[in-house]
Amino acid sequence: MKSIKTWQWLGFAGLLPFIILSVLAFNHSLLAPEHTILGFVSYSAVILSFVAGSLWGKAVILTLDDNIAKLLIISNIIALASWIALLTPFVLSALILLASGHLYLLYVEFKAKQLSTTNGYLTLRTILTSVAVTCHGVVMLSLLGV
């Protein structure tokens, strides 16, 4: 049996706020709805910025010829989009922007496979992104009263 590495369990642990807050979006006994939504949107923006920043860091270290400028720009645009999501007064728009950012960042990482120097990284990122985006959908449904 393979042991789970620190970066793997930290990735899974990072899903807990997404899952807990998406469940709380339907049950307001612990937090007021506005606090749940603010917590979810802000956490999503932080995580998206963090992962975009790690892409930036990997691109710089690996010096990927012509693609490095493109990856650096994409990374910065994603981080700025996360910040914009925090500023928008339209929560549904913020959630759509953040979910799209998570999916697009995963797409970029698949396109730049040379960034994935660790075995299983893209598999883990796919699982983490899938759960996070699903949680975004759950929170959107709660906002729509479904």
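Q: Which residue takes a positive phi just after helix 6?
A: This is a predicted model: local features need pLDDT of at least 70, side-chain atom pairs count only at pLDDT 80 or more, and totals for chains, interfaces and linings use all residues. Numbering starts from 1 along each chain as its sequence is written, and side-chain values use heavy atoms, with hydrogens and water left out. Helices (H or I, at least four residues) and strands (E, at least two) are DSSP runs, numbered from the N terminus. Just after helix 6, a positive phi of about 75 degrees is taken by G145.

Q: What is the mean pLDDT of the chain?
A: pLDDT is the predictor's confidence in each residue, from 0 to 100. In this chain, 92% of residues reach 70 or more. The mean is 89.

Q: How many helices does the chain have?
A: There are 0 strands. From the N terminus on, the elements run α-α-α-α-α-α. The number of helices is 6.

Q: What is the radius of gyration of the chain?
A: The radius is taken over C-alpha atoms, and the globule rule is 2.2 Å times the number of residues to the power 0.38. For 146 residues that rule gives 15 Å. The value for this chain is close to that, so the chain is as compact as a globular protein of that length. Its radius of gyration is 16 Å.

Q: What share of the contacts with a separation of 6 or more joins residues 24 or more positions apart?
A: Contact means heavy atoms within 4.5 Å. Of the contacts in the chain with a separation of 6 or more, residues 24 or more positions apart account for 71%.

Q: What percentage of the 146 residues is buried?
A: Buried means under 20% relative accessible area, exposed over 50%, and partly exposed in between (1.4 Å probe, protein chains only). By that cut-off, the buried share of the chain is 37%.

Q: Which residues have the most contacts inside the largest nonpolar core?
A: A nonpolar core is a set of buried Ala, Val, Leu, Ile, Met, Phe, Trp, Tyr and Cys residues joined through side-chain atoms within 4.5 Å. The largest one here has 33 residues. Those with the most contacts inside it are F40 and L105.

Q: Which helix gives the largest share of this core?
A: The elements that give two or more residues to the core are helix 2 (15–24), helix 3 (33–62), helix 4 (67–87), helix 5 (91–111) and helix 6 (121–143). The largest share, 9 residues, comes from helix 3.

Q: Which residues does L105 contact, leaving aside its neighbours within four places in sequence?
A: L105 is one of the buried residues of helix 5. A94, L95 and L98 are also among those buried in this helix. Leaving aside neighbours within four places, the contacts of L105 are L48, V51, A52, L55, I78 and R125.

Q: Is H102 buried or exposed?
A: H102 has its place in helix 5. It touches F18, S44, I47, L48, R125, T129, V133 and H136, not counting residues up to four places away. Because its relative accessible area is 8%, H102 is buried.

Q: How far apart in space are L98 and H136, C-alpha to C-alpha?
A: L98 lies in helix 5 and counts as buried at 0% relative accessibility. H136 is among the residues that L98 touches, as are V41, S44 and A45. L98 and H136 are 38 residues apart in sequence, and their C-alpha distance is 8.3 Å.

Q: Is F50 buried or exposed?
A: F50 is found in helix 3. Its relative accessibility is 61%, so F50 counts as exposed.

Q: Which residues does V138 touch, not counting those up to four places away in sequence?
A: V138 is found in helix 6. At 26% relative accessibility, V138 counts as partly exposed. Beyond four places in sequence, V138 touches S22 and F26.

Q: How far apart in space are G137 and S22, C-alpha to C-alpha?
A: G137 has its place in helix 6. With a relative accessible area of 24%, G137 is partly exposed. G137 and S22 are 115 residues apart in sequence, and their C-alpha distance is 8.8 Å.

Q: How far apart are the end C-alpha atoms of helix 6?
A: The expected span of a helix is 1.5 Å times one less than its number of residues. Helix 6 has 23 residues, so it should span 33 Å. The end C-alpha atoms agree with this, at 33 Å.
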